[in-house]
Amino acid sequence: MQPAFTPPPPAPAASQSTAQLPAQGQTAEPAPPKRSYRQFDDIYITRFAGILTYVHVLKDARLDATIGNYHSQPQDDNWVVQALTEAARLSRTRSTIRIHTTESEITNAIRDLRNKSDEYGELARSLAKSGKSFVLARPERESPIWRDLMKLMKDGKMPTPSPLVTYVVHTAAITDYERVYTGVVMVGLGTIVVHATASTGDDLIDAELNMMEWVLQVGGGGGRIDVHHSTDGARRIWEQADHLAKQEGTHDLGRSGTRLRSLAREAYRIRTQIQAARAPNPLFDRFARFAASTCWADGNIL
């Protein structure tokens, strides 16, 4: 079925004024230059024991979150070109690719590319064809979260969830007694999601449970979520779930029971199991606290 055709508007009559022409002897003002739009892709590259690891970090406006997708591949003999070719493949068309790396060879290759070295001629032509370019990330554009993650991968110490766990979730909350600032880190196989938000009030437990509602919304459903909260009260809700689920009323235990039942119903609806993590992961716990602190500082550096 072809779309409906909309006829063009009729031409103005001869008596109607069209465009304002410059008076005789005057010149028309030049049109303002069009603002060029350039998108950026941040890609972190590191190497450990013959394995190249990439983290592609993007802002997701729909989720109001920062997402890092990571994967690894065995390195080839010409691993520098391999790494830059993979970084170009991961990035979007017509984007500037900011490279964050621990490898001096990659840093030197990007400088040679900018100087049009013949050694990387094929890679340069491939980049030009897709409208992409490489730049080295400046220190002020490097988030401590992703930089620390890259260093862990460099040392071969990247913690990964158990195959039985879909997401490991850490939340943290702080308050200035007017608002609560909450951060969350969701770690899945090949994906790390960082989100922070602020809400009115000073109830840390309620804020961390609200964050679990967000996790259930974006998690996709299915599988198991291991959760660790920064506040003792929020942690006890999951540790004493069987007891709290029976509590009702307007007192603290009753309100906790009401929230727990609400979260349990939503988890059941999307076929997701939630349980308390046996112990916090120090790295992800620190990331969640950093996200909450950044939200309090009104920064945008995740």
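Modeller: Let us begin with Thr294, which has a relative accessibility of 7%. The model is a predicted one.

Biologist: Why is Thr294 called buried?

Modeller: Buried means under 20% relative accessible area. Thr294 stands at 7%, and therefore it counts as buried. Thr294 belongs to helix α9, which covers residues 282-296.

Biologist: Which other residues of α9 are buried, and against what do the buried residues pack?

Modeller: Besides Thr294, the buried residues of α9 include Leu283, Phe284, Phe287, Ala288, Ala291 and Cys295. The buried residues of the helix pack against α4 (144-154) and against the strands β6 (167-175), β7 (179-188), β8 (191-200) and β9 (224-229).

Biologist: What makes the approach of Thr294 to Phe290 a polar contact?

Modeller: A polar atom of the Thr294 side chain lies 2.8 Å from the backbone oxygen of Phe290. The limit for such a pair is 3.5 Å, so the distance of 2.8 Å falls inside it.

Biologist: How do you know that the length of α9 is close to the expected one?

Modeller: The expected span is 1.5 Å times one less than the number of residues. For the 15 residues of α9 this comes to 21 Å, and the helix reaches 21 Å from its first C-alpha to its last. At its start, a side-chain oxygen of Asn281 comes within 2.9 Å of the backbone nitrogen of Leu283. Just after the helix, Asp298 has a positive phi of about 60°.

Biologist: Let us turn to Pro74. Why is Pro74 called exposed?

Modeller: Exposed requires a relative accessible area over 50%. Pro74 has 56%, so the label exposed applies. Pro74 is located in strand β3, residues 65-74.

Biologist: Which residues does Pro74 contact beyond its neighbours in sequence?

Modeller: Leaving aside neighbours within four places in sequence, Pro74 is in contact with Gly50, Ile51 and Gln82. Ile51 is 23 residues away in sequence, yet its C-alpha lies 4.5 Å from that of Pro74.

Biologist: Is Gln82 buried or exposed, and how do you know?

Modeller: Gln82 has a relative accessibility of 12%, which is under 20%, and so it counts as buried. Gln82 sits in helix α1. A polar atom of its side chain is 2.9 Å from the backbone oxygen of Pro74, and its side chain also makes a polar contact of 3.2 Å with the side chain of Gln73. Beyond four places in sequence, the residues touched by Gln82 include Leu52, Tyr54 and Asp76.

Biologist: What makes Arg47 a charge over the face of Trp79?

Modeller: Arg47 lies 3.9 Å from the ring centre of Trp79.

Biologist: Where is confidence in the chain lowest, and where is it highest?

Modeller: The lowest mean, 65, belongs to helix α7 (residues 241-244), and the highest, 96, to helix α1 (residues 79-90). The chain as a whole has a mean pLDDT of 83, with 80% of its residues at 70 or more.

Methods. Residues numbered from 1 in each chain as written. Heavy atoms only, no water. Helix = DSSP H or I, 4+ residues; strand = E, 2+ residues; numbered from the N terminus. Buried < 20%, exposed > 50% of the residue type's maximum accessible area, 1.4 Å probe, protein only. Contact = heavy atoms within 4.5 Å. Polar contact = N/O pair within 3.5 Å; in protein donor to acceptor, adjacent residues only side chain to side chain. Lys NZ or Arg CZ within 6 Å of the ring centre and 35° of its normal. pLDDT = per-residue confidence, 0-100.
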